[in-house]
Amino acid sequence: MSGNQRSRKQIVFTAHIATIISNLLSHVEATVLALKKALLESQNNLDTEATDAEATVDRFLEFLKVNPFTAYYDENISGLAIILPPSADKPTATIASLTITKFGWLSNLAENMRSAIKTDNPSLCWRVSEEDENLVWFFEKADGSFKHNGGVLFYYGSDFDADGLDSFSTTLPAIHTLR
């Protein structure tokens, strides 16, 4: 094979790789935009006094850029869960965000997501507003709970004591399950 033919094949191969990378980046950008939309819808539907939902979501996305996490979602993003792994200051994985549409709750998506999350995370904690309409579902899925300051901290796979739960609940914002 001549050097010219080899060079042409390398250019074609390089162009092919560039196309794959470009398509992958486009897909990642589209996914991030869809995740941002889902988080924004979740923030906009809260009854809290969030002054700027878009700024809150942007700060959360900036946090995710520099911290490890796992995202669970379906193709239509009818459900989205962001799980933070255990760290030095939190001994168990944590649900940082969970949002599921009404359709997602009715179509068993919540149960499917929970199964995947539980498979990957043998211990987990999360906080839900005590006003959440799906609170009963969370009680059914947890090994234990702790009510504190308008929220309920749930957990499974860990033996938390009251002091440990209290410190967790002050740093963990409530997740919101509907958008």
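**Salt bridges and a buried strand**

Colleague: Which helix holds both Arg114 and Glu111, and how many residues apart are they?

Modeller: In this predicted model, Arg114 and Glu111 both belong to helix 4, which covers residues 109-120. About one turn of that helix separates the two, so their spacing in helix 4 is 3 residues.

Colleague: How far apart are the closest N and O atoms of Arg114 and Glu111?

Modeller: Side chains of opposite charge can pair when their charged atoms come close. Arg114 is partly exposed, because its relative accessibility is 22%. Arg114 and Glu111 form a salt bridge, and their closest N and O atoms are separated by 3.0 Å.

Colleague: How many residues apart in sequence are the parts tied together by Glu130 and Lys147?

Modeller: The closest N and O atoms of the salt bridge between Glu130 and Lys147 are 3.1 Å apart. Glu130 lies in the loop between strand 4 (124-129) and helix 5 (135-141), whereas Lys147 lies in strand 5 (residues 144-148), so the pair ties together parts whose separation in sequence is 17 residues.

Colleague: Which residues do salt bridges with shared partners join into one network?

Modeller: Glu130 is partly exposed at 29% relative accessibility, and Lys147 is exposed at 61%. The structure holds 5 salt bridges. Those that share partners join into one network Glu111, Arg114 and Lys141.

Colleague: How many residues of strand 2 are buried?

Modeller: In a regular strand the side chains alternate between the two faces of the sheet. On one side of strand 2, Gly79, Ala81 and Ile83 are buried, and on the other Leu80, Ile82 and Leu84 are buried, so both faces are covered. Strand 2 (residues 79-84) is therefore largely enclosed by the rest of the structure, and its buried residues number 6 of the 6.

Colleague: How many bridges join strand 2 to strand 3?

Modeller: Strand 2 pairs with strand 1 (residues 70-73) in the antiparallel sense over 4 bridges, with Ala71 opposite Ile82. Towards strand 3, Ala81 has Leu98 as its bridge partner. Strand 2 and strand 3 (residues 93-100) also run antiparallel, and the number of bridges joining them is 6.

How values were computed. Residues numbered from 1 in each chain as written. Predicted model: local features only at pLDDT ≥ 70, side-chain atom pairs only at ≥ 80, totals over all residues. Heavy atoms only, no water. Salt bridge = Lys/Arg side-chain N within 4 Å of Asp/Glu carboxyl O. Buried < 20%, exposed > 50% of the residue type's maximum accessible area, 1.4 Å probe, protein only. Pairing = 2+ DSSP bridges.
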